[in-house]
Number of protein chains: 2
Amino acid sequence: MTRLTEDQLISRFFAPLATLAGARGLTDDAAVLSVPAGRHLVVTADMLVAGVHFLADDAADLVARKSLRVNLSDLAAKGARPHAFTLSLALPAGWTDEWLALFAEGLARDAAAFSFSLLGGDTVRTPGPLTIAVTAFGLVPAADIPRRDGARAGDAVYVSGTIGDGALGLLTRTGRDAFADRLGPEDRAFLTGRYLLPEPRVALAPALLAHASATMDVSDGFVGDLAKLLRASGVSATIDLSQVPLSAAARRAVAGDAACFETALTGGDDYEILCTVPPSGEEAFVGAAKAARIDVTRVGVVTEEAGPPRFIAPGGADTRFARGSFSHF
Amino acid sequence: MTRLTEDQLISRFFAPLATLAGARGLTDDAAVLSVPAGRHLVVTADMLVAGVHFLADDAADLVARKSLRVNLSDLAAKGARPHAFTLSLALPAGWTDEWLALFAEGLARDAAAFSFSLLGGDTVRTPGPLTIAVTAFGLVPAADIPRRDGARAGDAVYVSGTIGDGALGLLTRTGRDAFADRLGPEDRAFLTGRYLLPEPRVALAPALLAHASATMDVSDGFVGDLAKLLRASGVSATIDLSQVPLSAAARRAVAGDAACFETALTGGDDYEILCTVPPSGEEAFVGAAKAARIDVTRVGVVTEEAGPPRFIAPGGADTRFARGSFSHF
């Protein structure tokens, strides 16, 4: 097995992604990150571990792209335009140049697609699983970006895209899809694809900056993440579950199957935007989202008393969820 | 075993370290990093894996401090003042609140000592070893910070502190110290301490900014890192090995033991500064280092022809090293 040295793999695979002058082509020990006048940096960090955040046999290019996209989703939720990132990579025994070439290909593809420039990082070996740490930098015009704790009674609750595809896609990908007999091969491919390659709602950032009172991305499950946003804001909400947007594939999967519906709402890996919008801004927000070609759906309204959200089932009954969201511990 | 949730461990252990307003007390999904007018950010990232960069049974507070210090060393080498960092932490099965409390205590101690503010991060579980990814931000007054590739023929080669203690300390720490019979218990404690807790030369940063033509930190071994700096600069150097600064403990360890001397020069974990200084700036550089109370030692001179450095042994003979530096792969 041929194996590149650390310097070789940096110059071959990673240096081409370092398009900012301050990155010095990754030939130095650190980069200079100059922030344009009148702009502020938004910083977020996500770590992904094989066997926890993705499967060890997921394609290397998709793993790379997912590691960027989960960070891009956080930037989008805070109204930021993608700018640059650092990548620290712990490679397990048995990595090959071919694996890394495919990883770098995926990384390059999304770095280009999202104008997201590699600034630096580290490559080390690990006796454990592949581990990827990304710190992401976005740019915003002002320091008062949308908060998690800004929801106020009377605000409308919106989500982008569709909820539950990622969680159902993971079950499909791992053969634990009790709902498989209700799906065709296209449905299964769609759901698996949504798990493997989330779609960060980068284009929604300006609409969030302009109109949202509170924002976060939905990564650990709609129900649990909504509860976090409301708790931070000291409010509650009434959510009409019949309005929660589901893809056609997810609708077929959850049809008449309450447990499956619960998985969709609590399972995580959505990487959609959850936000609240004051009534005065709703029309403009919906218009801006439409102009950005991102579906947003009004799913409920913020209510005054602090407490867990009230979920109204499609039949009109209150619903509780045993498990709010994905938790590591 | 009690076990805190992710939110609890963030609020209890990490939020107190988030002293910048833009970090929002780690209650949001991202932080805002405002860069003071006239300042530029220097960004570096290092990843540490248990069993690779530290021993799994090293004390948690020292592991935390080392994870900051290896990054602070990179910032110092580039002339930057510490500002903020993100911390992504993959915790293995079996971590305890007590372990994490000690880790956070170490982190808090060095964050305070170096005015280094926690900006955000991620905490996940791993089936593998403890893995720590830090992305560090420093501030510099101008974007043209010292480079790795700026050494020119005639420049003097300097190193800070002493070389080899970390490599010898690792051998001592792991009972592979064939030189043990030449050392007393204080020597062993000193060398082990240098391995466990490197001293980043933060105070040397202004002197480097003002006077150095090329800089890097010595983390993978003096011999190999010097070769990297010279290769990047397209030059060579003649190094007088009798001038390479050794601590008293290291001097006793290497006495009459060529293999041990080679380990000291090539073994890594020094976290000292290696730099070149044009003759016109030497006096001012040495003066500035002295004012900063950091020892710097002139070990050689840069020469014109590109190529590996020439090492002159204490007896006057040319010396070659089989293994230049630590390499992951």
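Analyst: A:Asp74 sits in helix α2 of chain A, which spans residues 60-77. The model is predicted. With a relative accessible area of 7%, A:Asp74 falls under the 20% limit and is therefore buried. Leaving aside residues up to four places away in sequence, A:Asp74 touches A:Thr44, A:Asp46 and A:Asp217 within its own chain, and B:Asp29 of chain B.

A:Asp46 belongs to strand β2 of chain A, residues 40-49. Its relative accessibility is 16%, so A:Asp46 also counts as buried. With the same exclusion of residues up to four places away in sequence, A:Asp46 touches A:Val70, A:Asn71, A:Asp74, A:Ile132, A:Ala133 and A:Val134, together with B:Asp122 from chain B.

Chain B can be laid on chain A by a turn of 180° with a shift of 0.0 Å along the axis, giving an RMSD of 0.0 Å. That relation is the one of a two-fold axis. Within chain B, the C-alpha nearest the axis belongs to B:Gly128, at 2.1 Å. The copies meet through the same surface, because 100% of the interface residues of chain B are also interface residues in chain A.

B:Ser236 is found in strand β8, residues 236-240, and at 7% relative accessibility it counts as buried. The side chain of B:Ser236 reaches the backbone oxygen of B:Pro308 at 3.0 Å. Contacts of B:Ser236 beyond four places in sequence include B:Leu230, B:Val301, B:Glu305 and B:Arg310.

B:Ser247 lies in the loop between β8 and α8 (248-254) of chain B, and is buried with a relative accessible area of 7%. A polar atom of the B:Ser247 side chain lies 3.0 Å from the backbone nitrogen of B:Ala250. Not counting residues up to four places away, B:Ser247 touches B:Thr162, B:Asp165, B:Phe190 and B:Leu191.

Note on methods. Residues numbered from 1 in each chain as written. Chains lettered and ligands numbered in written order. Predicted model: local features only at pLDDT ≥ 70, side-chain atom pairs only at ≥ 80, totals over all residues. Heavy atoms only, no water. Helix = DSSP H or I, 4+ residues; strand = E, 2+ residues; numbered from the N terminus. Buried < 20%, exposed > 50% of the residue type's maximum accessible area, 1.4 Å probe, protein only. Polar contact = N/O pair within 3.5 Å; in protein donor to acceptor, adjacent residues only side chain to side chain. Contact = heavy atoms within 4.5 Å. Least-squares fit on C-alpha atoms with pLDDT ≥ 70 in both.
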